[in-house]
Structures are given as C-alpha cells and as structure tokens.
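Subject: Structure handover

Hello,

Please find the structure below. My notes on what was found in it follow.

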Amino acid sequence: MITRLFYISAAASLTNAALAFTPSPPDLIKKAGSGVSIKLPGDLSLFDPNESGKLQGTNDLIGRISNGAAFTIVPPQNIVDTPPVGVQIRDAQHFLEHLDSNGELPLNFAKPQAPVTATILGRAKLISDDAPGDIEHIIMKLPVGFHYVEGQSLSVIPPGTDATSGRNHKPRLYSIASTRYGDLLDGNTISLCVRRAEYIDPITGQKDPAKQGVCSNFLCDLQPGDEVSVAGPVGKTMLLPKDPTKDIIMIATGTGIAPFRGFMHRLFMENTLARHMFGGSAWLVLGVPVSGGLLYKEEFDCMMRNASPGHLRIDYAISREMTNSIDGGKLYVQHVIAQNGKELFDRLDAGAHVYFCGLKGMMPPILETLEAVAQSQGIVWSDKLSELKKNNQWHVEVY
C-alpha cells in the first residue's frame, strides 16, 4: 500500500457545516438516478471523509474539503510515495481518536435514571496483603456505542435499596482508570480502580458491615460474568491538554491514581497518534502508606523504560517508610511539592497543566504548601491560582 506523509497547514479552521453532516444511506446515490446526485455539491452528505477518506486517521481530507483553495501542503517536496531508506513505518491505533478531536466529548450515553448494563470481565487485587485495606482493579465490557475519553468518570448504581429511605441506591461516581481503547484495546471495555470502603470498630477491632461502603463492596466482590448497572460517561475537568507540547503534573493519593493511569497508558504505552505527538513531559507524584500499596507500579516501571529520557518522572511518597527533608517527619505528597517547589512553579509558568485526584483531605495541606512556595518566590498565591484556573491549567477531582 502506498503511504504518503503530509506536512500541512490550513489558513481557515474547519467550518461547523463541514463537521455536522449526516452520513447518507448506502442507496442514496442510486435513488438519485443512475448515480447522478441531485444533492447540491459541498454539503458532504454523499461522502463522509472521516469514514471513507481519512489518511491514517489524521482527517487531512476533511481539512482539504473544508478549506478549499486556502488549504496548502507545505513544503511540497516532503510528499513522498515511498518512505526514505531506514525509516520505520508504524500502524497507529486510531479508530477512536475522533471522540474528542472536534472539541466535543462523549457525554451521558446513559443517564442514572436509565442506566445500561455492563458485564464484568475480570477483577484483581492491586495491593499486597501487608498494605491496609483492599483495592481492586475491575474490567467491564460496555454496551455497544458506550465510549469515553481519558479523565472522565463512570456512574455505578448498586443493586438493592437504601435501608433508611427504602429507595433505590444512588449512583456512585468512579474515575475511569483506562484509556478510550480499554485494557483489551478493543474500544469496548472500561477499567475502574476501587477501594473497598470498610469501617473498623475502634473498640472491638472488628469490621462493622452496617457501615461498609455499599457500592465499593458490591464492586470488589463481583465475579466474571456478573452484570452491573452503569451510566455516563461524565466529566470535562480532568482532560489532557489540547496542546501536546505542554507538560502535565499529576498528584494523586491512593485510588486517585485512576485517571492518571489512563493518561500514562495513552502517552507512553498505546501506539496512537497521541503518544507519538506528545512533546511535553509527564511528572507523577503518588502518595501511599506502604510500598505494598503502590498501585500499578509494574506498569509505571514499563512506562519509564518506554519513555524518552526526560519525558517521564515518577516520585513516590510512601508515608510510613519515607521521611521528608523539611522536618524529618513522614513523607507525603505535599512534601514532594515543597522539595521541588521552584521546578513546579517554573513548569506552570511555561504552561504546564497540574492535576490533583484523591481524597478531599489531600487538598488543604497541598494548598498550604503551594502558598508557602509561592511566598518564598515573591508570588501572590491567590493571584497565581486565579491565573492557572483562567488558563485551564488547574484540574482538581477529589471525593
């Protein structure tokens, strides 16, 4: 197959009309009369460039059609019919790249009032027995047409009724821990990272089932083949930057790692255009109590091997096993921020996006630390925070 490598620029952006066409039924041309169209030219209703004419998933053709004479290929000498000697051609997975390519997101395929059914494919414990609690990685098969992008969330509606109100249980929202292609890379699965919510009586030391998390225990006990009522996807806050040259800084505690696992699989593991186009660097700070509670460490180790030098940094804050260099006490994520405060602010000044995900309790000490770092550099933190929010560089999802 002939491969053409295009270097393009367009003087005009895609028009709304070019993106809002509806593909025609297969027999439309035939009905028009011996293949002669009665449709006006230019409305794209006879031909869907995204499906029929895209070039390796880049949508160059729709750009050509939309921009007409304003579309240019620069420089022309870079158009080739065969790759130069020594160049390796790779096929990139791209069949779901359209989900957010036009600035739109897949939202509310199903609403909580009318959920759909997902099927459990597998479940595995993520932490060692010496780590506190239980955290499970759960993979579900979604109904056809249910798609999502990295950073969005899924609602799960546990079965049964609330003992107090007698009504059906309310939906619980979980950050999605996989990319749009899913762990099976089939575009039809979704993964969650779920901590089993348990209450230990401080006097007896025993678990109190009456106070355990309804949905988390339901999910953590599921077996392959079980069915789950789900809704969504939702979420516009925790999305990767549109500009692939910008750095991303991810700060998580515990299961707050979920959206960042999706980010990092997309940028360092899957063979997609997003991975090949990522020109920034990623920095992950993950806080857990013990080393046996490090979530997805084997995967992150592989990503470190895959990443180009300087493109991925991972710092762990293992509170019960590490000490900070500030006061010699336990090491938490806010201490990692403080110890690297100037670098973090320099990255933010250069346009980096910073993300926080985890329990609500993580944010007050982080905000206090950021304010102290800002003050040490002569920066008014309230002004800086307003600037970051205005520039869409500040992303928080806590629960």
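Two strands are said to pair if DSSP finds at least two bridges between them. Helices (H or I, at least four residues) and strands (E, at least two) are DSSP runs, numbered from the N terminus. This is a predicted model, in which local features need pLDDT of at least 70 and side-chain atom pairs count only at pLDDT 80 or more, while totals for chains, interfaces and linings use all residues. Residues are numbered from 1 along each chain as its sequence is written, and side-chain values use heavy atoms, with hydrogens and water left out.

The parallel sheet

An open sheet of 5 strands has the order E11-E10-E9-E12-E13, with parallel pairing. Its edge strands, each pairing on one side only, are E11 (312-318) and E13 (394-398). From one strand to the next the twist averages 10°; angles run from 0 to 180 degrees between N-to-C directions, and axes are lines fitted to C-alpha atoms, for helices over the stretch in contact.

Strand E9 (residues 248-253) runs parallel to E10 and is joined to it by 6 bridges. Ile-251 has Val-285 in E10 as its bridge partner.

Helix H11 (residues 363-376) lies across E9, E12 (353-358) and E13, and runs at about 155° to E13. Contact here means heavy atoms within 4.5 Å.

The antiparallel sheet

Another open sheet is formed by 6 strands in the order E6-E5-E8-E3-E4-E7, and its pairing is antiparallel. E6 (172-175) and E7 (189-195) are the edge strands. Here the twist averages 40° from one strand to the next.

E3 (residues 116-125) and E4 (residues 135-141) share 6 bridges in the antiparallel sense. Gly-122 stands opposite Ile-139 in E4.

The second largest pocket

A pocket is an open set of points on a 1 Å grid over the protein atoms alone, with protein on both sides within 12 Å along at least five of seven lines; lining residues have an atom within 4 Å of a point. The second largest pocket has a volume of about 1,000 Å³, where volume is the space filled by probe spheres set on the points, joined across faces, edges and corners. It has 39 lining residues, and Arg-195, Thr-253, Thr-255, Leu-359 and Tyr-399 are the closest to its centre.

Elements that each supply at least two residues of this lining include E7, E10 (282-288) and helix H5 (214-220). E6 gives the most, with 4 residues.

Regards

Key
On a 1 Å grid over the protein atoms alone, a cavity is a set of points where a 1.4 Å probe fits but cannot get out, and a pocket is an open set with protein on both sides within 12 Å along at least five of seven lines; lining residues have an atom within 4 Å of a point.
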